[in-house]
Amino acid sequence: MESTHPHQRHHYRVPLVMQYPVMFSDAETIAEGTVMNLTVFGCAIECADTIPKGTTLQMRLILPDQPQSLPVEEAEVRWVQGNRMGLQFHKVTRAADFRLHSFVWDRMVERLHAITQEERSAS
């Protein structure tokens with residue numbers, strides 16, 4: 001049986017309570033958007049100007065944990081649906097990768113605490 005999803009996720013993505021700005025560019029385009037969900041391996045963004053699947057981009061994520069943007073040296077557009085696209089990170093510096101792991105981990109812990117609180121309130 002053929003899959004109805006052309007691209008399947010292999011890692012849990014953190015749904016973000018707040019969306020964060022992102023800037024991205026390739027050889028022909030500079031654009032901005034909003035990060036909708038995030039993992040250490042990629043993200044989904046919403047933007048006015050989507051880029052074709054397979055395009056390689058450079059990115060800067062604007063996250064609230066530090067005043068500096070988080071650079072992604074190379075990300076590939078894996079899927080495009082309307083004004084959303086999914087990106088897979090290929091090249092991230094060691095320092096940026098550490099920061100990204102820390103940020104995602106903190107959001108996962110926050111999510112776990114929220115779920116636990118909801119379950120306690122329901123009982």
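1. Phe98 has its place in helix H1, residues 94-122, where helices (H or I, at least four residues) and strands (E, at least two) are DSSP runs numbered from the N terminus. Phe98 counts as exposed because its relative accessibility is 65%, the classes being buried under 20% relative accessible area, exposed over 50% and partly exposed in between, with a 1.4 Å probe and protein chains only. The C-alpha atom of Phe98 is separated by 9.3 Å from that of Val40, 58 residues apart along the chain.

2. This is a predicted model, in which local features need pLDDT of at least 70 and side-chain atom pairs count only at pLDDT 80 or more, while totals for chains, interfaces and linings use all residues. Residues are numbered from 1 along each chain as its sequence is written, and side-chain values use heavy atoms, with hydrogens and water left out.

3. Of its 123 residues, 34% are buried.

4. Strand S3 (residues 42-47) is mostly covered, with five of its six residues buried. S3 pairs in the antiparallel sense with strand S2 (residues 30-39) over six bridges, pairing being assigned if DSSP finds at least two bridges between two strands; a hairpin of two residues joins S2 to S3, and Gly33 stands opposite Cys47 in S3.

5. S3 also pairs with strand S6 (residues 84-91), again in the antiparallel sense, over five bridges, and here Gly42 stands opposite Gln88 in S6.
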